[in-house]
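Me: I am new to this structure and would like to learn how to read its features one at a time. Could you take me through some of them, giving the general idea and then the case at hand?

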Amino acid sequence: MGVVSVEAIAVDGEEEGEGEILVSHHPMGSDLDAGALFVLKSEGTWVHCGYHLTTSIVSPALLSLPYSLALLGWVGGISCLIIGALVTFYSYNLISLVLEQHAQMGRRHLRFRDMACDILGRRWAHYFVGPIQFIVCYGAVVGLILLGGECMKIAYDVIWPNGKMKLYKFSIILGAVMLLLAQLPSFHSLRYINLLSLILCLAYSACAAAGSIYIGNTTKETKDYSVDGNVKNRILGAFTAIGIMATTYGNGIIPEIQATLAPPVKGKMFKGLCVCYAVVGATFFTVAVSGYGAFGNQANSFILDNFFDGADPLLPKWFILMTLVFIVIQLSAVAVVYLQPTNEALERLFADPTRAQFSARNVIARLVFRSVSVAISTTIAVMLPFFGDLNALIGAIGFLPLDFVLPAVFFNLTFQPSKKNPIFWLNAVIVVVFSLVTIIAVFATLRQIVLDAKDYHLFSFCAKKLLIQYTQLI
């Protein structure tokens, strides 16, 4: 387990001064493992934490928010955006307080599953929290590679309208880029990449909002802000939208980000979250409102698709290409952040903590297994065409329980507030409400994927019988 002591140790078995590795703030004794030692180095400041948090939350998934509003309408959409911001900011602070409390008790947890193991028990950590976090993080990498491929394909079509390259080739190209970025040794080593990511997310959000406003004001088409479909479809669509918003606000790696902070950690995470949510306010609401305001219920699951009338761009080509470049570079940084839990697990399994991080034995293991991990995620991305639906499914399965439900459970079990304390009941309400939302959102997003998969030959061919059976059930 990643339970931390604040002392420094020599781990190479050699005399002091000869090939020793000084390890501060990391697992000690029998708890020492290469994942915590090499990937989750505790050397960062609250500013670096703000960069990591912003990159993990403010990602290209926000370009699906106008689509969410199209499924919810103005009142429902804006209300859910506000609730999502308030609940996640509150929940992430709860996780931080729980982590700080355990650190003060001499057990600083570096990983989500370690915290869950200490609070809920080993079975919950190994069979529920651990697998869900892996699905969230690895699924995010798959979705980002897919979205990156879509952005590169759009740019290619703008430059060469009659080009013959298919979407999957661009996903493979981005996968090759990810293959290189995945070799960055630790989470802390991403701090300046994530600073660039913060700047770029502000840039492409401004471009998306400006483009939407321009098109909305120059086209003469009447905007329809009604929610399409019968009552059943509206309800299921609303929960699909909630799943998308959960993904957009989701993080799933708060303990791993807090693990990058140099001790003492008290209060630093709150400052980092304030930096992050300042950017959230400047991007999420701007893109969501401008996109839905410009296109109404015709807003696509990727808002830049609305910047075209068929194959003809509605904005200057240079503007669209600039926006796409910002998005592709930033989503590469986001994908590397969400690779960190997988990298940590691979280092824990295959690296040798008694040897130097950059010894030949550990470098070769890192290169091989991280490359295999990226290759698998790229292969899955090539097979999945539904970024908006995949976005919603990841949110429903993973981000809702990890970021909305479990923080309140952890807080109540750790601090055990009195039932007379309103915090106890606030947390209890959050747990019950978002547990129900999770169940319905999973059903709704799976249904939407089934409906969309019928129009995609490879996916439909691979899962034809399953899709038919599932469609009959619903």
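**Reading the features**

Reply: Aspartate 352 has a relative accessibility of 19% and therefore counts as buried, where buried means under 20% relative accessible area, exposed over 50% and partly exposed in between, with a 1.4 Å probe and protein chains only. This is a predicted model, in which local features need pLDDT of at least 70 and side-chain atom pairs count only at pLDDT 80 or more, while totals for chains, interfaces and linings use all residues. Residues are numbered from 1 along each chain as its sequence is written, and side-chain values use heavy atoms, with hydrogens and water left out.

Me: Where does aspartate 352 lie, and which residues does aspartate 352 touch?

Reply: Helices (H or I, at least four residues) and strands (E, at least two) are DSSP runs numbered from the N terminus, and aspartate 352 lies in the loop between H11 and H12. Contact means heavy atoms within 4.5 Å; leaving aside residues up to four places away in sequence, aspartate 352 touches Phe38, Arg361 and Asn362.

Me: How many helices and strands does the protein chain have, and what percentage of its residues is buried?

Reply: The protein chain has 16 helices and 6 strands, and buried residues make up 56% of its 474 residues.

Me: How is the packing of helix H6 and helix H12 described?

Reply: Axes are lines fitted to C-alpha atoms, for helices over the stretch in contact, and angles run from 0 to 180 degrees between N-to-C directions. Helix H6 (residues 167–181) and helix H12 (residues 360–383) pack at an angle of about 160°, with their axes 9 Å apart. Angles under 35 degrees count as roughly parallel, over 145 as roughly antiparallel, 65 to 115 as roughly perpendicular and the rest as oblique, and H6 and H12 are therefore roughly antiparallel to each other. Residues that make the contact include Tyr168, Ile172 and Met178 of H6 and Val374 and Val382 of H12.

Me: Which residues touch the most other members of the largest nonpolar core?

Reply: A nonpolar core is a set of buried Ala, Val, Leu, Ile, Met, Phe, Trp, Tyr and Cys residues joined through side-chain atoms within 4.5 Å. In the largest one, which has 109 residues, Leu63 and Leu304 touch the most other members, and helix H5 (residues 122–159) gives the largest share, 18 residues. Apart from residues up to four places away in sequence, leucine 63 touches residues including Tyr204, Val287, Phe302 and Leu304. A second, separate core has 14 residues, among them Phe239, Ile242, Ala246 and Leu400.

Me: What should I look for in the backbone?

Reply: Most residues other than glycine have a negative phi, and most peptide bonds are trans. Glutamine 416 has a phi near 45°, a positive value in a residue other than glycine, and its place is in the loop between helix H13 (387–415) and helix H14 (422–453). Glutamine 416 is exposed, with a relative accessible area of 63%. The peptide bond from proline 263 to proline 264 is cis, with omega near -5°, and proline 264 lies in the loop between helix H9 (254–259) and helix H10 (268–295).

Me: Where does proline 316 lie?

Reply: Proline 316 lies in the loop between strand S6 (312–313) and helix H11 (317–350), and at 41% relative accessibility proline 316 counts as partly exposed. The C-alpha atoms of proline 316 and glycine 211 are separated by 9.7 Å, although these residues are 105 residues apart along the chain.
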